[in-house]
Amino acid sequence: MEFFRIRRDIPFMRHALVLNVISALTFVAAIFFLSTKGLHLSVEFTGGTVMEVSYTQAAPLNSIRDDLTKLGYQDVQVQNFGSSKDVLIRLPLQKGADGQVISSAQQSDQVLTTLKASQDDVKLKRVEFVGPQVGKELATDGLLALLFVVLGIVIYLSIRFEWKFALAGILANLHDVVIILGFFALFQWEFSLSVLAAVLAVLGYSVNESVVIFDRIRENFRKYRKMEVSAIIDNAITSTTSRTIITHGSTQMMVLAMLLFGGPTLYYFALALTIGILFGIYSSVFVAAALAMWFGIKREDLLTPETKANPNASNSDDPNFGAQV
């Protein structure tokens, strides 16, 4: 399906060096912010108190957040749980005036008293303490999941294409992941399990775009025998531009709806996806394709050599086969 077709190939590879220098600088900046500022981890990773409360009517989430902010909680998570009347509250570890960490029981009593002052129909259903050790395990499991996804992408691209494409594709995808993390480190946005899920989704989403372009490059190598590699790549990217706009535009509309109307629960998840989609397009076009070109891809890397017929071999279909001279 195409809404439009570009008649003349856009010379993307002519500007590949400049655009990849920009990508490299952005990548280095993201590494710098990650190493100096670090990620602002949520309660799932750092530990804290998890409360479940219920109301007789739909819970006023914004009012709950305002009440908890007045108590001094800056990174509290408030979301519906099961129904509009049930609310799940995640509280970070909090220190008292004496410098000691406030216990979960004290936190829950303090929060429940504050909530009842605003609306007395609130009831406490459950209180749990999430220790730092659990958060450490979640962080470790998340990093392992990221590692396995990366390895899976490398194996898939190596089998489907060739190692030069595999290396170019995974470098471009890691470029997207690091830049997403760099944004979260720079602005100290909360990094939660939902954001980690968004990062993993971006990996798969970006590799899909790279595979589409790589497929078209392989087709062009078969179709255009005398065309230069850079021209083949330009043609492949240009011919898939309509598909890219339709696919990414449709996805971004859905993500934008979550970003604007999903509330605080989905905000950072949608924000990570938005950054990933934008940089995923950029990296697939300018990073992955350009790296593959610089790695020296050629027609012989992608096409199976044709078997030449042996002129001395006998052919039983030849009507003169076996005839004596």
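Figure 1. With 15 residues at 1.5 Å a residue, helix 4 (residues 104-118) should span 21 Å, and its end C-alpha atoms do lie 21 Å apart, in agreement. The model shown here and in the other views is a predicted one. Buried positions of helix 4 are S104, Q107, S108, V111, L112, T114 and L115. Seen down the axis of helix 4, these buried residues fall within an arc of 165°, so they line one face of the helix. T113 and A117 are exposed on the face of helix 4 turned away from that buried side. The cover over the buried residues of helix 4 includes strand 2 (48-54), helix 3 (61-70), strand 4 (83-92) and strand 5 (123-130).

Figure 2. The buried residues here include L61, I64, R65, D67 and L68 of helix 3. Around the axis they cover an arc of only 165°, which puts them on the same side of helix 3. N62 and K70 are exposed on the other side of helix 3. Strand 3 (77-81), strand 4, helix 4 and helix 10 are the elements against which the buried residues of helix 3 pack. After helix 3 comes G72, which has a positive phi, near 105°.

Figure 3. E52 and K125 form a salt bridge in which the closest N and O atoms are 3.6 Å apart. This pair links distant parts of the chain, with E52 in strand 2 and K125 in strand 5, 73 residues apart. E52 has a relative accessibility of 9% and therefore counts as buried. In the whole structure, a search finds seven salt bridges.

Figure 4. The side chains of E209 and R243 meet in a salt bridge, with 2.5 Å from N to O. Distant parts of the chain are linked by this pair, as E209 is in helix 7 (residues 193-223) and R243 in helix 9 (residues 241-261), 34 residues apart. E209, at 1% relative accessibility, counts as buried, whereas R243, at 25%, counts as partly exposed. A further salt bridge joins D215 to R218, where the closest N and O atoms are 2.8 Å apart. D215 and R218 are three residues apart in helix 7, so about one helical turn separates them. Both D215 and R218 are buried.

**Figure 5. A nonpolar patch on the surface.** L17, V21, L25 and W294 form this patch, and together they have about 430 Å² of accessible area. Helix 1 (residues 16-36) gives the most to the patch, with three residues. W294 lies in helix 10 (residues 263-294). The relative accessible area of W294 is 43%, so this residue is partly exposed.

**Figure 6. The protein as a whole, as context for the close-up views.** The secondary structure consists of eleven helices and six strands. Of the 325 residues in the protein, 44% are buried. Among contacts between residues at least 6 apart in sequence, 77% join residues at least 24 apart. The protein exposes about 17,900 Å², of which carbon and sulfur atoms supply 61%.

Notes
Residues are numbered from 1 along each chain as its sequence is written. This is a predicted model: local features need pLDDT of at least 70, side-chain atom pairs count only at pLDDT 80 or more; totals for chains, interfaces and linings use all residues. Side-chain values use heavy atoms; hydrogens and water are left out. Patches are made of residues with over 30% relative accessible area and no salt bridge: like charges are joined within 9 Å, nonpolar side chains (Val, Leu, Ile, Met, Phe, Trp, Tyr) within 5 Å. Accessible areas come from the Shrake-Rupley method with a 1.4 Å probe; for residues, only the protein chains shown count as cover. A salt bridge is a side-chain nitrogen of Lys or Arg within 4 Å of a carboxyl oxygen of Asp or Glu. Helices (H or I, at least four residues) and strands (E, at least two) are DSSP runs, numbered from the N terminus. Buried means under 20% relative accessible area, exposed over 50%, partly exposed in between (1.4 Å probe, protein chains only). The expected span of a helix is 1.5 Å times one less than its number of residues. The arc is that of the directions from the helix axis to the C-beta atoms. Contact means heavy atoms within 4.5 Å.
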